[in-house]
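Please examine the sequence and the three-dimensional structure shown here.

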Amino acid sequence: MKLDSKVPENIPIDQIWDKHRFNLKLVNPANKRKYKVIVVGTGLAGGSASASLAELGYEVKTFCIHDSPRRAHSIAAQGGINAAKNYPNDGDSVWRLFYDTVKGGDYRSREANVYRLAQVSNHIIDQCVAQGVPFAREYGGQLANRSFGGAQVSRTFYCRGQTGQQLLLGAYSALMRMVNTGKVELFTRRDMQDIVLIDGAARGIIVRNLITGELERHMADAVVLATGGYGNVYYLSTNAKASNVTAAWRAHKKGAFFANPCFTQIHPTCIPVSGESQSKLTLMSESLRNDGRVWVPKKKGDKRKAEDIPEDERDYYLERKYPSFGNLVPRDVASRNAKEVCDDGRGVGETQMSVYLDFADAIKRDGMDTIRQKYGNLFHMYQKITDENPYQVPMRIFPAVHYTMGGLWVDYNLMTTVPGLFAIGECNFSDHGANRLGASALMQGLADGYFVLPYTIGGYLNEAPLPQTTTDHEEFKKAESEVNERISKMLASKGKKTAMEIHRELGKTIWNYVGMSRTEKDLKKALKEIPKIRDEFWNNVNIPGSAKDLNVALEYAGRVADFLEFAETLTTDALNRKESCGGHFREESQTEEGEAKRDDENYSYVAAWEFTGVGKEPKLHKEELTFNNVKLTQRSYK
């Protein structure tokens, strides 16, 4: 199968989206009422898409696993959202945002998608301001901006340390307005179990009601997945515990290709692991690196308190190695450097597996009140978790699994390889390449939901043959039967381990062998270990309760089962890509200075994997990447 990105050819990049929109066939307002669209997920991408599609006139069914759309994981984003408004007048532009994002992604993203993202970024800010999102403002009333990693301009709009929460409340308000009008039917506490295909096109889903345990069938003319990323395959991550790969993976098993799963982001600014019983990790916003200075002792094994280490015995290693960007290098660069100094024996804290993020200079320069205004809630959160006051002692941070750049492969219209099945936000692979720059996740989620999908889905609905059908169709019955069979198989195992114990075992394996740095030897070892853990799950898991009731253990076990299958594809992709790029660092491919070394001649492509069966090696399809506007160079932030 040849992957067709559907990007118009031979058109200047700054005109592609406008001309493509014009050429998409429209659905007239009266006809929009005839079409039904299912949206799975209610974060920034799903919430904004549901609201926008309903505003246009489509009948929308929206599903979330929580009791309210407000609990979507988008709420956890702290630092900000990028846009090329150039309010600080420091040289920003749509082109510079495009360039920084392509470079930040280590030249492994599709140029046309990234340029479109930069183009619509300014509209996102206008939309959110109109919704009442309380962005921080300068004294004169203009929206404030701050810097983020990977850029030398200030383009990040923020709501103190609550940006994701405030943006989600804006999208939630728009969504609930349409729920109130009856144009959106909202289904909470529903877990998507499968995609239903009729004549090869997505026509519905099977969901499990998490309160009653009942399976439900829902039919539509198109299905949109907005279900986030798969970082919890590592067990410990900054993701909410409910974040999972299930919807994307079940779609993959029905024919949707999975792209670049090895591109997982390790965020440098996380509160370090504290013990074996820990279930998740807490992120400290990248915005803190605007004023906080990262350092470790120069001497190995130095266990003195931070205040007892004099200035000339401190190594501000990011400032030393990357003078142009300093502490604001991209996340992958900062993470690898933190690991290197800790591996060198210069880590701090009891475990020696963390580095300092120090605000003493900023407090001395700007005053404690100014720092409190900027980061007060983040400092408060840190103190609550660690019982250390960051106004008085440096924060301790260490890298952790965060965002996932890989996801379902989509074309320029955000449609997967399954006709009628769309993927938006973190659920798809499209905009970030091998490394997401900070403050770009919120930008992509809202761009897809507000300003891209509402155009492109109409183009599909106008042209696709969509025969009338109901949930009594044989394909709905078949899909529901397969879901029931899988659930029964899980409950039939009366083993001795909980799903959480097995998930923790998988997470350790993936982190140790497919984590911040990867080798061929370790990746091959992981591919031997993962099937053993999967076999143990199916033969030795113990899931109490029944399927016909509220059963949190069963809900969790289903997600672990999908992680155990997905982990093999993630590792296969990492083994196949013998270069280093962004968040994927192969030790065999590095420069003399220890930086990531790409191999553009052999790996300048999107790896899109086709499902061939559980335990079988997936089939690789390549979307070759071309760079006509940004020159391919080895990234340097020095």
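This is a predicted model: local features need pLDDT of at least 70, side-chain atom pairs count only at pLDDT 80 or more; totals for chains, interfaces and linings use all residues.

Residues are numbered from 1 along each chain as its sequence is written, and side-chain values use heavy atoms, with hydrogens and water left out.

Side chains of opposite charge can pair when their charged atoms come close. A salt bridge is defined as a side-chain nitrogen of Lys or Arg within 4 Å of a carboxyl oxygen of Asp or Glu. In the whole structure, 56 salt bridges are found. One of them joins Asp 194 to Lys 254, with the closest N and O atoms 3.3 Å apart. Asp 194 belongs to strand E6 (residues 190-198) and Lys 254 to the loop between helix H7 (246-253) and strand E10 (258-259), so the pair ties together parts that are 60 residues apart in sequence. Helices (H or I, at least four residues) and strands (E, at least two) are DSSP runs, numbered from the N terminus.

The terms for exposure also have cut-offs: buried means under 20% relative accessible area, exposed over 50%, and partly exposed in between (1.4 Å probe, protein chains only). Asp 194 is therefore buried, at 7%, whereas Lys 254 is partly exposed, at 28%.

Glu 565 is buried, with a relative accessible area of 7%. Contact means heavy atoms within 4.5 Å. Not counting residues up to four places away in sequence, Glu 565 touches Trp 249, Lys 253, Arg 486, Arg 534 and Val 614.

Where does Ser 493 lie? Ser 493 is in the loop between H13 and helix H14 (499-513), and its relative accessibility of 7% makes it buried. Ser 493 and Ile 543 are 50 residues apart in sequence, with their C-alpha atoms 7.6 Å apart in space.
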